[in-house]
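Keep the 3D view at hand and follow along.

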Amino acid sequence: MSSILSFSSSPHFVDHRTGPHHPERPDRIRAIAAAVRAAGLVDSANPFPEFSLNFGPFPPPASKLLELPEPTPADEKWIELIHPRAHIEHVRHVCEVGGGVLDQGDTPVSPESFDVAKLAVGAVLQACDAVIAGTAARAFAAVRPPGHHAEPDRAMGFCLFANVAIAARYLQARHGIGKIAIVDFDVHHGNGTQAAFEADPSILFISLHQDPRTCYPGSGYAWETGEGAGQGTVINLPMDPGSGDAEYLAAFHGRVLPALDAFKPEMLLISAGFDAHRDDPLAQIELSEEAFEQMTRLLVQAADAHTKGRLISALEGGYNLRALGRSVVRHLAGLQRAGGL
Ligand SMILES: [Zn+2]
């Protein structure tokens, strides 16, 4: 199987401005751009030469990433696969009048944020197209704003549009994919993705996250398992505060991989948040960078078994810049490694 891994991002992702002291900040994209270059994964010029951070040593890269061209904003007809027109127009309006707050203080937007959010969706759809075309076996899109908290009818938790949920519907509507699995290892519950698909048996949604009794957004209990025809295709795996690599890998072997084997998806998507890192300021999970690579390699194996190796990953959270950069590099290393452990 091809092991070509594509990488998409855009210097414009820093144009979504969230104000001073907001954790979901433009430097997250600058840190990832710097980290992938420090790791020797890409050769192109860093669009943010003024940004510097000491990431420490990286393992030698398996190969270079295939850098996709600058993405274009998603056509709103694809965003409408998940979000009603009223939500799209609300985000557009708040941005057009100069910016403001979309979600009780959590989700500030600047005038540019509407266009940047459409660009984020566009980058994830571009990643889908690259994998469908066979240009790459797997793809990672480093985007912001993130998406997994955005519910169909509202922005929430730093998220405007549900990037990965839109990608799943796009793969079905545009490319004729049937069953899709989404694995979300961001430390927060992917409530937006769950809301979009909880009654849909064609999408398996698996979220590992810190126990909702102790962490935003307060949903994602184990008893939330889908509704109606989608009963059983939502799997929530709440993790106790203080959980680390052993607990997460046990959950992967005990729950995530068996569920993927039973569901037999035709495509695998990852909501890749890195805020379960032990140095992240927003939660109390204690993962190492190594764990992100190991979880990723297990998902690559599942993709090899079920989806002809096809896998698309998109950035969600991760708020310690050094940990974010280092963890993204380890995720990319896992995505580059076809075959067994
Ligand atoms: Zn998160």
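Strand 5 and strand 10 run parallel and are paired over four bridges. Two strands are said to pair if DSSP finds at least two bridges between them. The names follow DSSP runs numbered from the N terminus, with helices being H or I runs of at least four residues and strands being E runs of at least two. This is a predicted model, in which local features need pLDDT of at least 70 and side-chain atom pairs count only at pLDDT 80 or more, while totals for chains, interfaces and linings use all residues. Residues are numbered from 1 along each chain as its sequence is written.

Let us stay with this pair and look at its neighbours. Arg138 has Leu311 as its bridge partner in strand 10, and Arg138 of strand 5 also stands opposite Leu5. Further along, Ser271 stands opposite Ala314 in strand 10. To get from strand 9 to strand 10, the chain passes through helix 8 (residues 289–306), making a right-handed β-α-β crossover. Right-handed here means that, with the strands pointing away from the viewer, the path from the first strand over the helix to the second runs clockwise.

| Pair | Sense | Bridges |
|---|---|---|
| Strand 1 (residues 5–8) and strand 5 (residues 138–141) | parallel | four bridges |
| Strand 5 and strand 10 | parallel | four bridges |
| Strand 9 (residues 267–272) and strand 10 | parallel | five bridges |

These strands belong to an open sheet of eight strands with parallel pairing, in the order 2-1-5-10-9-6-7-8. At its edges are strand 2 (66–67) and strand 8 (234–239), each of which pairs on one side only.

Is strand 10 buried or exposed? Five of its five residues are buried, where buried means that 20 or more other C-beta atoms, placed from the backbone, lie within 10 Å of a residue's own. Leu311, Ser313 and Leu315 cover one side, and Ile312 and Ala314 the other.

Helix 4 (residues 113–133) lies across strand 1, strand 5 and strand 10 (311–315), running at about 170 degrees to strand 5. Such angles run from 0 to 180 degrees between N-to-C directions, with axes fitted to C-alpha atoms, for helices over the stretch in contact.

The largest nonpolar core has 113 residues, and Val121, Val124, Ala141, Ile166, Ala167 and Leu269 touch the most other members. Helix 4 gives the most to this core, with 13 residues. A nonpolar core is a set of buried Ala, Val, Leu, Ile, Met, Phe, Trp, Tyr and Cys residues joined through C-beta atoms within 7 Å. In soluble globular proteins, nonpolar side chains tend to be buried together.

Leaving aside residues up to four places away in sequence, Ala141 touches Ser8, Ala123, Val124, Ala127, Ala314 and Leu315. A contact requires C-beta atoms, placed from the backbone, to lie within 7 Å.

Another residue worth a visit is Ile82, in the loop between helix 2 (76–79) and helix 3 (85–96). Why does Ile82 count as buried? Ile82 counts as buried because it has 29 C-beta neighbours inside 10 Å. The C-alpha atoms of Ile82 and Ala196 are separated by 6.8 Å, although the two are 114 residues apart along the chain.

Finally, the whole chain: nine helices and 10 strands make up its secondary structure. Of its 341 residues, 55% count as buried.

Technical notes: A residue is buried if 20 or more other C-beta atoms lie within 10 Å of its own, exposed if 12 or fewer, and partly exposed in between; C-beta atoms are placed from the backbone. Two residues are in contact if their C-beta atoms, placed from the backbone, lie within 7 Å.
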